Amino acid sequence: MALFRKKDKEEVIGLPENLPQHVGFIMDGNGRWAKKRGLPRTFGHREGAKNFKKIVRYCKDIGLKNISFYAFSTENWQRPKEEVETIMDLFREYIVDVRKHLSENTRMIFLGDKSVFDDDLREKMIKLEQDTAHYTEMNLLMAVNYGGRDEIAHAARLLAQQVKDGTLDPADITEDSISENLYTKGIPDVDLVIRPSGELRLSNYLIWQCAYAEYYFTDILWPDFTSEELDKALIDFDGRHRRFGGV
Ligand code: IPE
Ligand code: IPE
Ligand code: MG
């Protein structure tokens, strides 16, 4: 049983004192999960998508405020066509299904360059963001066609345009103004990154926002990642001594 699971739908037991304000999940290991079972990689993505829903619900139950999930990177387009299509189909399915999955009061934000998606998909994404913009219980951020470097380049273009328009003085470009032009505008920086599957890297995920993040790595593959494992990560985070360059 997960340590923090709601006992009788009312009470949350054993929550650590310092919960992260923003947990970033790198959903890795779907392909290896399928391979281990002699299945095509696409099966791993289906299983990973199911697990994503479970973990999101659990995060909401225990009261996390900002959670982000790396679903598809700007580099993942290099993968075989069939695999990319399956991931995009799962993404489409989720967008249709999302209001059923997440009870009210969850704000949905997509991180990444939406311009590559078909018009109908992009419109659905934007509508979902608009329709949920006023919800305050939890922010669910989903990174699709996301790259950290791409995001910073995008922010630089937005700022450059303001300079060109005469509304911004280059001397006034600060860390804050860069943050405000990222896809995560208004969302706290990541304090805890969780990466399953045994890889010890960020793979271009929220590189600006993770400047002072803590990391939790596990060999478990994403489709097998459970709420118990998330509990472990949160307990671990609670015990970390964060200094932010101080003493
Ligand atoms: C993560 O699982 C999902 C995406 C990157 C879309 P992978 O597909 O990277 O799984 P592995 O790393 O090959 O096992
Ligand atoms: C990172 O996983 C991207 C997502 C989880 C969406 P990858 O599997 O693409 O990362 P690398 O290639 O192992 O660094
Ligand atoms: Mg991978």
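This is a predicted model: local features need pLDDT of at least 70, side-chain atom pairs count only at pLDDT 80 or more; totals for chains, interfaces and linings use all residues.
Which of its residues are buried? They are Leu121, Met125, Leu128, Glu129 and Thr132. Viewed down the axis of H4, these buried residues fall within an arc of 100 degrees, so they line one face of the helix. An α-helix has 3.6 residues a turn, so residues three or four places apart point the same way. On the face of H4 turned away from the buried side, we find the exposed residues Asp119, Glu123 and Gln130.

I turn now to the sheet. It is an open sheet of 6 strands, in the order S3-S4-S2-S1-S5-S6, and the pairing is parallel. Strand S3 (106-111) and strand S6 (214-217) stand at the edges with a single partner strand each, so one side of each has no neighbour in the sheet. From one strand to the next, the twist averages 20 degrees.

S1, residues 22-26, is joined by 3 bridges to strand S5, residues 192-195, and the two run parallel. Within that pairing, Phe25 has Ile194 of S5 as its bridge partner. Towards strand S2, residues 66-73, there are 5 bridges, again with parallel strands. Here Gly24 stands opposite Ser68.

How many residues of S1 are buried? The count is 5 of the 5, so S1 is largely enclosed by the rest of the structure. Both of its faces are covered: His22, Gly24 and Ile26 are buried on one side, and Val23 and Phe25 on the other. In a regular strand the side chains alternate between the two faces of the sheet.

Phe25 also leads us to the aromatic contacts. The structure holds 16 aromatic pairs. One of them joins Phe25 and Phe225 in an edge-to-face arrangement, at 6.3 Å centre to centre with 80 degrees between the planes. Phe25 belongs to strand S1, whereas Phe225 lies in the loop between S6 and helix H7 (227-238), so this pair ties together parts that are 200 residues apart in sequence. Phe25 is buried, with a relative accessible area of 0%, and Phe225 is likewise buried, at 0%.

A second pair is formed by Tyr215 and Phe217, which are stacked at 5.9 Å centre to centre with 10 degrees between the planes. Tyr215 has a relative accessible area of 29% and is partly exposed. Phe217, at 33% relative accessibility, also counts as partly exposed.

Where does Phe25 stand among the other aromatic residues? Phe25 forms one aromatic cluster with Phe52, Phe69, Tyr94, Trp222 and Phe225.

Conventions. Residues are numbered from 1 along each chain as its sequence is written. Chains are lettered from A and ligands numbered from 1 in the order in which they are written. Side-chain values use heavy atoms; hydrogens and water are left out. Two strands pair if DSSP finds at least two bridges between them. Helices (H or I, at least four residues) and strands (E, at least two) are DSSP runs, numbered from the N terminus. Axes are lines fitted to C-alpha atoms, for helices over the stretch in contact, and angles run from 0 to 180 degrees between N-to-C directions. Buried means under 20% relative accessible area, exposed over 50%, partly exposed in between (1.4 Å probe, protein chains only). Rings of Phe, Tyr and Trp (its six-membered ring) pair if their centres lie within 6.5 Å; planes under 30 degrees apart count as stacked, over 60 as edge-to-face and the rest as tilted. The arc is that of the directions from the helix axis to the C-beta atoms.
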